[in-house]
Amino acid sequence: MKNRLLLTLCMLFMVFIAKTETMNGLEPEISVTAITTEELPAVSIDDSADASSDEEHVSPAGWSVIPFALLLIMIATGPLFYEHFWHKNYPIIAVSLAAIVVLYYLFGVGDVNHPVHALAEYVQFIALLSSLYIASGGIMIDVDKKATPITNVGLLLIGAVISNLIGTTGASMLLIRPFVRLNKGRIQPYHIIFFIFMVSNVGGALTPIGDPPLFLGFLKGVPFGWTLEHNIIPWATALGMLSIVFYIFDKRNTDEDLEEISTFTNKTTILGSRNFIWLAIIIASVFIDPNVIEGVPAIHYHGQKFSFIRELIMFTVGFLSYRFADKRAIKGNEFNFEPIREVAFIFIGIFGTMMPALALVSEFAQSETGTALITHNTLYWGTGILSGFLDNAPTYLNFLAAAMASQGGDIAVISNVHDYAVGGVYDDSVSKLIAISLGAVFFGAMTYIGNGPNFMVKSIAEQMGIHMPSFFGYILRYSIPILLPILFVIWLIFFTH
């Protein structure tokens, strides 16, 4: 199976290179430089709708979203109805569905830019996720306390705060194992679900470091402190409601570990603390962006700058953090690479197949009909619902671009974005940006694929022996009856004025 996958990936790469060269002439316009001598526009790699001036924009066909829908259906039903087949073949399925869409874009639409952006976004995504997963795997945090509802709520709230310092991915990878160990003998799927709600998503709404959509907004021109100033009250409100609901669930859990000792030291011990240094390097490297810092080496493609130094640092740190990790922490965490392997393959499929869906959403949002519908209410629900099923980062950018364009603003102009965020220039812009920000971050918890850490936390929990609900089970048993009403209350309080 590995040989077939490798052959498929190699063939796709060769086809991609050949198609790129055909479209761009005999010599592709790709170069890697350390210092540029000509002024290039600072374009984020996430602006996947940007096309080169010499390429005619062609909308993808409606049928092209079928591979994305099929992948979502198989993610939802595979572990439930054909588990053996799914776990054996999901890498081939994900890569094959992605290949269908990529080949359609290259040869059917004649569009190289979208696959290039998708590839760059995937490399960024997996570099960050894998390095954080490996580095945090070498840190073993043992909380020697009795697991009570209050203790669990406290740990979840601490995780929510930490997620604004090291990102929702970093906080999730660091705390999920100690959270499971703390509840040994009484752990239930709802523990993991609320962890995803509070630590992996809602918690990261206060800083650009917290969640990828907010970081992209910062790169575009939203002031660094804007999220803390405007999101803190909705953030605290949502976490407060989630804490109350979790406390009720946990209070009713009377399961106990029969082997549990009766005395506790109430101490927290940490093995592998040197790996915190590796985590700090990973978080710091996030800011090494050639579109923000002049002189950072970049891959230039059609006037755009693609980062690669940052990703090399992350992959290198991931290797070194594992190579020099405390072996007691690795063993105590029962660390292995299966969760990140599963995420890597599943998200190859997601990043490859969701291109048409994102393109069609972007076109509608920026159309005359879509623009006429733009209010802080539609932005909150539109950004939110789509962020639950598509990557919340490009969804955030697409809706911000549409909201600004409806009032004559340009998301590619930093001063325009800054003015839109601080208010006073565009009508009701602050409220609209809050709606987009909260929708992207909060609704990312609606499904396993709404935000990167969600699927990773699920995979780690399953590796630790917890039977997690299926894709639809997660939505029907937890997201709709618990999370959605809370998000509705947030809308009633902050946006129905």
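**A buried proline and its surroundings**

Modeller: Start with Pro469. At a relative accessibility of 6%, Pro469 counts as buried, because the cut-off for burial is under 20%. Keep in mind that this is a predicted model.

Where does Pro469 lie? Pro469 sits in the loop that joins helix 19 (452-463) to helix 20 (471-494). Now look at what surrounds Pro469. Setting aside neighbours within four places in sequence, Pro469 is in contact with Pro189, Ile193, Tyr448, Lys458, Tyr474, Arg477 and Tyr478. Take Lys458 from that list. Lys458 and Pro469 are eleven residues apart along the chain, and their C-alpha atoms are separated by 9.2 Å.

Ring pairs link Tyr448 and Tyr474 into a cluster with Tyr122, Phe125, Tyr190, Phe194, Phe197, Phe246, Phe249, Phe347, Phe351 and Phe455. The protein has 35 aromatic pairs by the ring-centre rule. One of them is Trp86 with Tyr90: the ring centres are 6.0 Å apart and the planes stand at 40°, so this pair is tilted. Trp86 and Tyr90 are four residues apart in helix 3, which means about one helical turn separates them. Both residues are buried.

Trp86 and Tyr90 also take part in a helix contact. The axes of helix 3 (residues 83-109) and helix 12 (residues 338-353) come within 7 Å and cross at roughly 25°. Helix 3 is therefore roughly parallel to helix 12. Their crossing is left-handed. On the helix 3 side, the contact uses Trp86, Tyr90, Pro91, Ala94, Val95, Leu97, Ala98 and Val101. Helix 12 brings Glu338, Arg341, Glu342, Phe345, Ile346, Ile348, Gly349, Gly352 and Thr353. By class, the residues of this contact are eleven nonpolar, three polar and three charged.

Helix 6 covers residues 189-198, and helix 5 covers residues 149-182. Their axes come within 11 Å and cross at roughly 30°. That angle makes helix 5 roughly parallel to helix 6. The crossing here is right-handed. Helix 5 contributes Asn152, Leu156, Leu157, Ala160, Ala171, Ser172, Leu175, Ile176, Phe179 and Val180. Helix 6 answers with His191, Ile192, Phe194, Phe195 and Met198. These residues divide into twelve nonpolar, three polar and no charged. Phe194 is also a member of the ring cluster.

One more buried site deserves a look. Glu121 is found in helix 4 (residues 113-137). With a relative accessible area of 8%, Glu121 is buried. Glu121 and Ser307 are 186 residues apart in sequence, yet 10.0 Å apart in space, C-alpha to C-alpha.

Finally, the whole chain. The protein has 20 helices and five strands. Of its 497 residues, 56% count as buried. Among contacts with a separation of 6 or more, residues 24 or more positions apart account for 82%.

How values were computed. Residues numbered from 1 in each chain as written. Predicted model: local features only at pLDDT ≥ 70, side-chain atom pairs only at ≥ 80, totals over all residues. Heavy atoms only, no water. Helix = DSSP H or I, 4+ residues; strand = E, 2+ residues; numbered from the N terminus. Buried < 20%, exposed > 50% of the residue type's maximum accessible area, 1.4 Å probe, protein only. Contact = heavy atoms within 4.5 Å. Axes fitted to C-alpha atoms, helices over the stretch in contact; angles between N-to-C directions. Parallel < 35°, antiparallel > 145°, perpendicular 65-115°, else oblique. Left-handed = near helix turned anticlockwise from the far one by under 90°. Nonpolar A, V, L, I, M, F, W, Y, C, P; charged D, E, K, R; others polar. Phe/Tyr/Trp six-rings, centres within 6.5 Å; stacked < 30°, edge-to-face > 60°.
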